[in-house]
Amino acid sequence: MKPETDARITDTRKKILDLAEALMLSRGFNAFSYQHISAELGVRNAAIHYHFPKKSDLGVALIERYCRRFERFTQAQAELSPSEQLEQYFELADRYFGQQQICPSGILSAELQTLPDDMRQQTQAFVALMRGWAADIVRRGRDVGVMHYPGSAEGMGDVVFAAMQGALQLARFDQQALQSVKLQIRQLLGCQ
């Protein structure tokens, strides 16, 4: 295969993933089809099937992409304090809100029971990564004395994770909800 052909195939695959991601985060995975993608990109459905034979293959590729992106996101913050990492988490939610999107873990969790098995397994692994990161932030925050809360770090990490997911959804109705929930989390953790 010629290098230009390889590049075109890679570019088409990326465009499919980019559009599928935008559709999923604004509508949900079950609310778009290959027809939506092909019409927007001006390609035939066969071009999409070439890269992703089944829609669940596309879904798994999206989740794997989110995992890689999330790992880079957390690695880039490795030297930040727990309070700074919490603020980075809040900024991530702000970016999704600014684009009128729900975060990937939120939309995939909401649709979990309707997703194919391979996507369910990938979603569970992705959500576990995010929950673990939230627990790690509050654990280290408590260890260094900048966060104070009762109970376990895992439990408080789940509170933070769930509150931020819910806040993104609630912010679709009430634009102040995201800011309000972030303030409550800071107060709950004693890290204003």
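View 1. Reading from the N terminus, the elements of the protein go α-α-α-α-α-α-α-α-α. What you have here is a predicted model. The C-alpha trace spans about 60 × 35 × 30 Å along its principal axes. Of the 192 residues, 43% are buried. If you take contacts between residues at least 6 apart in sequence, 63% of them join residues at least 24 apart.

**View 2. Helix α5 and its buried face.** Helix α5 covers residues 82-98. With 17 residues at 1.5 Å a residue, α5 should span 24 Å, and its end C-alpha atoms sit 24 Å apart, so the two agree. Which residues of α5 are buried? They are Pro82, Gln85, Leu86, Tyr89, Phe90, Leu92, Ala93, Tyr96 and Phe97. Look down the axis of α5 and these buried residues fall within an arc of 150°, so they line one face of the helix. As a reminder, an α-helix has 3.6 residues a turn, so residues three or four places apart point the same way.

**View 3. Gln100, just past the end of α5.** Keep following the chain and you reach Gln100, which comes just after α5. Gln100 belongs to the loop between α5 and α6 (104-110). Its phi is positive, about 55°, although Gln100 is not a glycine.

**View 4. Where α7 crosses α8.** Two packed helices are described by the angle between their axes and the distance between the axes. Here the pair is α7 (residues 117-143) and α8 (residues 153-170), whose axes come within 7 Å and cross at roughly 120°. The crossing of α7 and α8 is right-handed. On the α7 side, the residues that meet α8 are Val127, Met130, Arg131, Ala134, Ala135, Val138, Arg139 and Arg142. Across from them, α8 brings in Ala153, Glu154, Met156, Gly157, Asp158, Val160 and Phe161. Sort the residues of this contact by type and you get nine nonpolar, one polar and five charged.

View 5. Val181 sits in helix α9, residues 177-189. Which residues does Val181 touch, leaving aside those up to four places away in sequence? The list is Ala163, Met164 and Ala167. Take Ala163: Val181 is 18 residues from Ala163 along the chain, and their C-alpha atoms are separated by 7.0 Å.

Definitions and conventions. Residues are numbered from 1 along each chain as its sequence is written. This is a predicted model: local features need pLDDT of at least 70, side-chain atom pairs count only at pLDDT 80 or more; totals for chains, interfaces and linings use all residues. Side-chain values use heavy atoms; hydrogens and water are left out. Axes are lines fitted to C-alpha atoms, for helices over the stretch in contact, and angles run from 0 to 180 degrees between N-to-C directions. Helices (H or I, at least four residues) and strands (E, at least two) are DSSP runs, numbered from the N terminus. A crossing is left-handed if the near helix is turned anticlockwise from the far one by less than a right angle, and right-handed if clockwise. Contact means heavy atoms within 4.5 Å. Ala, Val, Leu, Ile, Met, Phe, Trp, Tyr, Cys and Pro count as nonpolar, Asp, Glu, Lys and Arg as charged, and the others, Gly among them, as polar. The expected span of a helix is 1.5 Å times one less than its number of residues. Buried means under 20% relative accessible area, exposed over 50%, partly exposed in between (1.4 Å probe, protein chains only). The arc is that of the directions from the helix axis to the C-beta atoms.
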